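Let's take a guided walk through a protein, from its overall layout down to a few individual residues. Have a look at the sequence and the structure first, and then read on.

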Amino acid sequence: MSLRVEFVTKENVLVVRLEGELDHHETSKLRESWRGQLQQNDVDHVVVNLGKLNFMDSSGLGVMLGRYKEVQASGNEMIICSISPEVRRLFDLSGMFKIMRLVDSESYALELLGVASCEMR
């Protein structure tokens, strides 16, 4: 299975939904499209929904860390939400949750970032 990516802007928040597998074959394409979304949309914060991502390797972690650093450098926040058990294990082993925030749902992440009314699917 390949990677499916959906970008949605909710007020000043870019929501990134990943589905499938994020491995070294997919990272450069994701990195460039994500960077483009940050540049062309008027967004401050990022919510990354990993609920339907069933595999990620270390190159995927590199993409997450790179985007996290970009968002943090602007004084903004990136939140991970709805993480699958398989991917959560990788994040736990790598220590990523020592720097990145994890919450249970996309709607809660948006609420934390000040997006009041949002219709989620």
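Helices (H or I, at least four residues) and strands (E, at least two) are DSSP runs, numbered from the N terminus. Read along the sequence, this predicted protein follows the pattern β-β-α-β-α-β-α-β-α, which comes to 4 helices and 5 strands. The radius of gyration, taken over C-alpha atoms, is compared here with a globule rule of 2.2 Å times the number of residues to the power 0.38. The protein has a radius of gyration of 13 Å, close to the 14 Å that the rule gives for 121 residues, so it is as compact as a globular protein of that length.

A word on how to read the model. Residues are numbered from 1 along each chain as its sequence is written, and side-chain values use heavy atoms, with hydrogens and water left out. Because this is a predicted model, local features need pLDDT of at least 70 and side-chain atom pairs count only at pLDDT 80 or more, while totals for chains, interfaces and linings use all residues. The pLDDT is the predictor's confidence in each residue, from 0 to 100; the protein averages 93, and 94% of the residues score at least 70.

**Inside the protein**

Of the 121 residues, 44% count as buried (under 20% relative accessible area; exposed is over 50%, partly exposed in between; 1.4 Å probe, protein chains only). A nonpolar core is a set of buried Ala, Val, Leu, Ile, Met, Phe, Trp, Tyr and Cys residues joined through side-chain atoms within 4.5 Å. Which residues have the most contacts inside the largest nonpolar core? They are Trp-34, Leu-50, Met-64, Met-78 and Phe-91, in a core of 26 residues. Among the elements that each supply at least two residues of this core are β2, α1 (27–40) and β3 (45–56). Apart from it lies another core, of 11 residues, including Val-13 and Val-103.

β1 and β2 run antiparallel and are joined by 8 bridges (strands pair if DSSP finds at least two bridges between them). Lys-10 has Val-13 in β2 as its bridge partner. Glu-11 and Ser-82 each have a positive phi without being glycine.
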